[in-house]
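Subject: Structure handover

Hello,

Here is the structure for your files. My notes follow below it.

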Amino acid sequence: MSTPLNIIFSWFEKGDVPTESQFQQVFSSFRHLDEKIKMDEVMGLNEAFQKKLPTITFTNHLEDESAHHLVLAKLNASNLTASNVEEWKEKLKIKFAATIDGSEEAGNVYTKEQIETIVNILQAKDNEMLEHIAKINKILDSNDINLDEIQEVVSYIKENREQIEFLKEAIARNISDDKINLVRIYSNWGAITYQNQFNDLVYDKIKNIEDAASPEKNKYEERVRGDSRIKHDLDTLSFVIDAYDTVTMFTVPLKVRRIDTNNIEVLFDSVPPNIIQLTIKKI
């Protein structure tokens, strides 16, 4: 049993001579370094252990992927919202970084293969335009050597302005132009004598030129990513349709259902991996 300090101090006051028993009691009141302290002899230790978490609870917390998910980002970033992602981009100065097409999302820059595809498409369009120009030149190549170019048609109109003014007056007075004789003879155009016959031929020639210069009246193009309903303005049920992958440039098989003369539905056997270019040509 330990002796209180105030009693021990009284044995060692000035002039005192401590006895053997007092020395023994002094040293018995303190622990020796070789003497281990028992856990139940440490004040408050048991109470502290009662407040600690079980080992399994702590281990589960360490392994819980959702722990602190409201304030900490996961290694795979699966708990980041779209707003979080934008904030990270802003903080890391990568908000305007260029990206290319991935497995799930489209990028904002073209890959080398995509650029080559675009160049090939533009080249094809250029070749198509050259073909149309050749067709227009062929139409303008008239057998009438005096009237085989648009400039000559314009010159003819200028030279015959008086006759044209007369036609305007005749129309204003409801005079039929089938009674107006032509000033010149156009034997290469057939047997035409009256102004209305001339007008019909000129109209037909101009209409042919417009049709040749406007291939879009006979063709409609659109890009799709899968089964789609397409509205066009070809006014027909007779057409051919071409479909190809804009990346691989391979022709893609598809089914077409005609809904009416200006609407169709295209169906693919499987979801295309890339954008599909559709070209509908009126027959």
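Start with D235, which lies in the loop between β2 (228-231) and β3. Helices (H or I, at least four residues) and strands (E, at least two) are DSSP runs, numbered from the N terminus. The phi of D235 is near 55°, a positive value in a residue other than glycine. D235 counts as exposed, at 51% relative accessibility. The classes are buried (under 20% relative accessible area), exposed (over 50%) and partly exposed (in between), with a 1.4 Å probe and protein chains only.

M249 also has a positive phi, near 70°, and is not a glycine. Its place is in the loop between β3 and β4 (254-260). M249 is partly exposed, with a relative accessible area of 34%. For background, most residues other than glycine have a negative phi.

Some ground rules. This is a predicted model, where local features need pLDDT of at least 70, side-chain atom pairs count only at pLDDT 80 or more, and totals for chains, interfaces and linings use all residues. Residues are numbered from 1 along each chain as its sequence is written, and side-chain values use heavy atoms, with hydrogens and water left out.

Overall picture

The protein chain has 9 helices and 6 strands. Of its 283 residues, 20% are buried. Its accessible surface comes to about 22,400 Å², and carbon and sulfur atoms account for 56% of that. These areas come from the Shrake-Rupley method with a 1.4 Å probe; for residues, only the protein chains shown count as cover. Take the contacts (heavy atoms within 4.5 Å) between residues at least 6 apart in sequence: 50% join residues at least 24 apart.

Cores

The largest nonpolar core has 12 residues: V224, I230, L234, F239, A243, V252, I264, V266, F268, I276, L278 and I280. At least two residues of this core come from each of β3 (239-245), β5 (263-268) and β6 (276-282). Another core lies apart from it, with 6 residues, including Y156, L182, I192 and F198. A nonpolar core here is a set of buried Ala, Val, Leu, Ile, Met, Phe, Trp, Tyr and Cys residues joined through side-chain atoms within 4.5 Å.

What does F239 touch, leaving aside its neighbours within four places in sequence? The list is V256, R258, I264, I280, K281, K282 and I283. The charged end of R258 sits over the F239 ring, 4.3 Å from its centre. The test is NZ of Lys or CZ of Arg within 6 Å of the ring centre and within 35 degrees of the ring normal.

N263 lies in strand β5 and counts as buried, at 12% relative accessibility. Beyond neighbours within four places in sequence, N263 is in contact with R229, I230, K231, H232 and R258.

Aromatic pair

The count is 1 aromatic pair. F12 and F23 form it, edge-to-face, at 5.5 Å centre to centre and 75° between the planes. F12 is in the loop between α1 (5-11) and α2 (20-28), F23 in helix α2, 11 residues apart. F12 is partly exposed at 40% relative accessible area, and F23 is partly exposed at 36%. Rings of Phe, Tyr and Trp (its six-membered ring) pair if their centres lie within 6.5 Å; planes under 30 degrees apart are stacked, over 60 edge-to-face, the rest tilted.

Last item

V202 is in helix α9 (residues 195-213). V202 counts as partly exposed, at 22% relative accessibility. V202 and W189 are 13 residues apart in sequence and 9.9 Å apart in space, C-alpha to C-alpha.

Best wishes
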